[in-house]
Amino acid sequence: MSSLTFDNRPGVIWYDGEMVPWADAKLHVLSHGLHYGSGVFEGERAYGGVVFKLDEHTRRLHESARILDFEIPYSVEEINAACNALLAEQGLKDAYVRPIAWRGSEMMGVSAQHNRIHLAIAVWEWPSYFDPAQRLKGIRLDIAEYRRPDPRTAPCKSKATGLYMICTISKHAAERKGYADALMFDWRGYVAEATGANVFFVKDGVLHTPTPDCFLDGITRRTVIELSRRRGYELVERHIKAEELSTFSECFICGTAAEVTPVSEIGPHRFTPGEITFNLMNDYLAEVQPKSAAHKQMAAAIG
Ligand SMILES: Cc1ncc(COP(=O)(O)O)c(C=O)c1O
């Protein structure tokens, strides 16, 4: 599966309410979403046939669109049902789920008052975001040159396609230097997040994580905070200065794709993945497994 390109795979994509053969799920080159970045998306994972926190993801998709001044013409319930139907249709239990909404081609200019809003959902197998062996040792992060923007200069609470421009540039620069990813600071110089995941640190047995005031307050991040509470760990959410990086003993990043991934290096700073990181990594893997009878029923229906 991994050697296949993303424009031609077996099966179907859910596209504006229809199941469309994968290779036919196309859009016109004069789409507003392509030219002006008016697109919002989600990244979700299904475990055992059940999408973890599906409703939260779909609500965030709706909210992301609202922030970009458009309304997705499908309700949260309809989108949830479409994600589940697509997983069943594709016969996938452990999969990545990618809904995306964008402005179409009716108007071509900055203003897009009358453009149709499209929604597509694709699912595919996607085992681990980082190399599994490297993941246990801890991945190495570069320090990005770009900074997460001031909320007054970008819609930072939206999972908008355009916000990923600086992530791709930063991740490419990191990969060219042999790093797995990059840590981004924010416009004030505080530690923000990785290019597609939030970050946590440990010092003297206490967890520290940046206040999400100019970047995504990830669903995984909130899950990890809940899991650390359950373990009775002390956790401080605060602004973290660059010069503090040398004072932490453990570090990990977390996101739907990355799950909980230990970090061993950020630029010149070194960390040793330890008990707190591994406990939360395992707790997260347990948490995402379907639990309730309803979940099991849904998984069984997928076959
Ligand atoms: C930039 C960025 N930050 C954080 C996250 C983590 O968000 P979540 O845990 O909701 O996947 C993601 C992943 O979607 C992301 O792309």
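Residues 24 or more positions apart make up 69% of the contacts in the protein that have a separation of 6 or more. Here two residues are in contact if their C-beta atoms, placed from the backbone, lie within 7 Å. A word on the source: this is a predicted model, in which local features need pLDDT of at least 70, side-chain atom pairs count only at pLDDT 80 or more, and totals for chains, interfaces and linings use all residues. Residues are numbered from 1 along each chain as its sequence is written.

**Overall build**

The protein has eight helices and 16 strands; these are DSSP runs numbered from the N terminus, with helices being H or I of at least four residues and strands E of at least two. Its radius of gyration is 20 Å, close to the 19 Å that the globule rule gives for 303 residues, so the protein is as compact as a globular protein of that length. That radius is taken over C-alpha atoms, and the rule is 2.2 Å times the number of residues to the power 0.38. The C-alpha trace spans about 55 × 45 × 35 Å along its principal axes.

**Two domains**

The domain assignment gives domain 1 (12-124) and domain 2 (132-287), with bounds that come from an automatic or database assignment. Their centres, taken over C-alpha atoms, are separated by 26 Å. Across the boundary, 15 residues of domain 1 are in contact with 10 residues of domain 2. On the domain 1 side, β3 (39-41), β4 and α2 (54-67) each give two or more residues, and α2 provides the largest share, five residues.

**Strands around β4**

**Ligand shell**

Around the ligand there are 13 residues, the closest being Gly218, Ile219, Thr220, Gly255 and Thr256; a residue counts as near if its C-beta atom, placed from the backbone, lies within 6 Å. Helix α6 (residues 219-230) gives the largest share of this shell, three residues. By type, the shell divides into four nonpolar, seven polar and two charged residues. In this scheme Ala, Val, Leu, Ile, Met, Phe, Trp, Tyr, Cys and Pro are nonpolar, Asp, Glu, Lys and Arg are charged, and the others, Gly among them, are polar.
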